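Here's a quick briefing to read with the model open on your screen. Have a look at the fold, then go through the notes.

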Amino acid sequence: MADLKHNSKHRALALVALWLLSGLYLVRPEQQAVVRLLGRVVAESIQPGLHWRVPWPLTRLSKVRISEARRLSVGFDLADEAAGRQPAPGKSHFLTGDQNIVNLQLVAQYCVERPTAFLFRSKDVGKLVGAVVERELSHAVEGQGVDWVLTTGRAQLQETVRREAQRVLDGYGAGVRLVSANIKAAYPPAEVNDAFKAVAGARSDRDRIIDLAEGYRNEVTEQAAGEAGKMTAEADAYRQKVTTEARGDTARFASIYREYSQAPQVTRDRMYVETMEELLPRMKVIVADPAGGTRPLDLGILSGEPTPNTAGGSR
Amino acid sequence: MLRKRWFWITVGVLVAMKLCIFTVDETQLVVLTSFGSPVAVVDRAGPYLKWPWLTKIVLDRRLMVYNPPASEFLTSDKKNIIVDNYVLWRVKDPVQFLKVVGTVPAAERALHDIVWGSVSAALGREPIDAVLSPDAGQVKTDRIMAEVTQRCARRAAVDYGVEILDIAIKRLNFPEQNKQSVFDRMRAERERIVKQYRAEGESAAMRIRAEADKKKSEILADAYRDAETVKGQGDAQASRTYAAAYGVDPDFYKFSRTLDSYKKVFGDKTTVVLSSDSELLRLLTKGQ
């Protein structure tokens with residue numbers, strides 16, 4: 001009897017020890033844990049490592065993967081994407097400020113910032129974040145034209161959606177952080193796609209026409225610059241020529257004049273006669289006697305040419 | 001005998017604990033009722049004692065997102081628009097909640113009615129520009145929905161014991177039967193833009209070409225002016241050189257220059273008539 005009692009005491013102690021041991025738990029590096037004792041939170045955001053708590057059923061342990069990026073989609077279903085299906089028509093339709101319809105597909109990623117808020121603040125965090133992101137995407141395009149949304153506005157749109165949705169979620173105390181909101185696709189509805197393509201074509205036509213005109217401008221101005229350079233060079237050459245010739249001419253004159261000033265009359269006569277010698281053989285010469293001679297002395301007969309009827313006057 | 005007694009005592013204590021002790025989780029609101037009528041509300045988490053005859057009803061205290069079905073509304077300028085809302089709500093007054101609605105689906109049906117009415121009234125007072133405008137400053141969606149939220153929150157709190165934190169527009173759309181005319185309008189707008197691009201391209205090209213031609217004639221005129229200036233300077237410099245050199249004896253210059261010009265002017269096509277008493281021929285005719 002005593003032995004039995006002793007034995008059962010051991011057994012009870014062993015059971016108690018086992019129960020206490022069951023309070024050990026491990027928080028992995030990507031996790032944080034929250035412990036509730038009899039319903040009330042007694043430890044929030046327990047960091048990774050080995051910990052002990054008062055065992056079940058007095059406490060409840062919740063581990064939250066805090067660094068995991070959770071994905072959600074707006075304008076299409078992630079399941080459709082995985083299966084390679086197109087979203088149902090109309091699911092991606094958003095209205096822009098100029099009352100156009102545009103297809104938008106967005107993927108957002110969020111992670112847990114405060115585990116207690118994530119666990120206890122709202123019933124379905126994913127649904128809440130999705131609704132807020134969709135709201136901000138709608139709101140961001142309600143004040144913009146379709147061209148902005150489809151072309152230049154994408155980066156700004158993403159940033160606005162992320163920032164504004166984060167602000168709203170913080171206001172709700174959701175305890176999550178939006179990591180990104182990326183526009184996966186933005187395209188006009190199929191019904192008007194060709195009209196949008198025509199605009200893109202016209203835009204590139206416009207750019208091409210302007211490029212051509214700019215090419216013409218470059219060509220023409222280059223050509224004019226070339227011509228201008230030629231004119232300048234020619235003018236320089238002309239100046240060079242006339243000034244050098246002037247120096248040459250005057251040098252020649254100076255040397256002749258030096259001779260001339262030695263013996264003016266002789267030089268003068270010599271120059272005159274030499275010039276005549278050079279000139280007269282090449283020319284037809286008619287000599288007329290002014291002292292009453294009616295017929296000029298015709299030297300032209302020597303070359304066998306007919307005599308002109310008229311006689312010129314004297315020099 | 002002794003062990004049997006201990007066993008029954010333990011069972012009795014456990015049953016008593018089960019009946020008298022209860023815990024409230026962070027996610028819960030608890031209403032204690034005595035034969036159906038509520039006697040106490042516990043809205044803080046932790047362990048509590050109660051009389052064994054009281055029963056507890058557990059409600060979820062967390063925020064819930066309710067998506068009413070998207071509905072068509074008419075703006076003040078008679079435009080049909082489909083609005084998809086979400087309502088963020090939670091149980092605030094559990095006693096009132098249990099008395100009037102009781103369950104979450106019933107609460108959502110009730111919320112749908114008041115939200116629909118309020119959105120309908122609010123949008124009916126605004127033109128479509130208030131929710132859709134290319135000028136972001138014109139869009140008053142936030143203000144409109146803040147008013148809707150405030151009005152609905154007041155009613156929901158009093159009537160259903162529900163706190164509405166926010167009502168917001170998730171998505172706007174045009175009714176399916178209107179979409180074709182929207183597409184037609186979009187198409188016309190695109191065609192206008194195509195024409196505009198064409199015109200822009202042509203006028204810009206024309207302007208660029210005209211500017212180029214103008215630039216060309218400017219460059220050439222400038223170059224002509226500069227070239228003529230340079231030539232003139234050359235001529236002037238040459239002229240100065242000549243004047244300085246010939247000024248020494250203008251008479252001799254005239255003589256020698258005239259002789260030079262004879263050489264250039266007269267050739268084999270020239271006929272000269274010389275008087276026999278000219279300087280050159282005097283010797284020939286007169287012998288002296």
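What follows covers a sheet, a helix pair and one leucine in chain B.

This is a predicted model, where local features need pLDDT of at least 70, side-chain atom pairs count only at pLDDT 80 or more, and totals for chains, interfaces and linings use all residues. Residues are numbered from 1 along each chain as its sequence is written, chains are lettered from A and ligands numbered from 1 in the order in which they are written, and side-chain values use heavy atoms, with hydrogens and water left out.

**The sheet**
- Chain B has an open sheet of three strands, ordered β3-β2-β5 with antiparallel pairing (strands are DSSP E runs of at least two residues, helices H or I runs of at least four, numbered from the N terminus; a pair needs at least two DSSP bridges).
- Its edge strands are β3 (37–42) and β5 (55–60) of chain B.

- Helices α3 (residues 104–124) and α4 (residues 141–160) of chain B pack at about 145°, axes 10 Å apart (axes are lines fitted to C-alpha atoms over the stretch in contact, with angles from 0 to 180 degrees between N-to-C directions).
- The contact residues of α3(B) and α4(B) split into twelve nonpolar, one polar and two charged (nonpolar is Ala, Val, Leu, Ile, Met, Phe, Trp, Tyr, Cys and Pro; charged is Asp, Glu, Lys and Arg; the others, Gly among them, are polar).

**Leu98(B)**
- Leu98(B) sits in helix α2 (residues 94–100) of chain B.
- Beyond neighbours within four places in sequence, Leu98(B) touches Val31(B), Ile57(B) and Leu59(B) (contact means heavy atoms within 4.5 Å).
- The C-alpha atoms of Leu98(B) and Leu59(B) are 9.2 Å apart.
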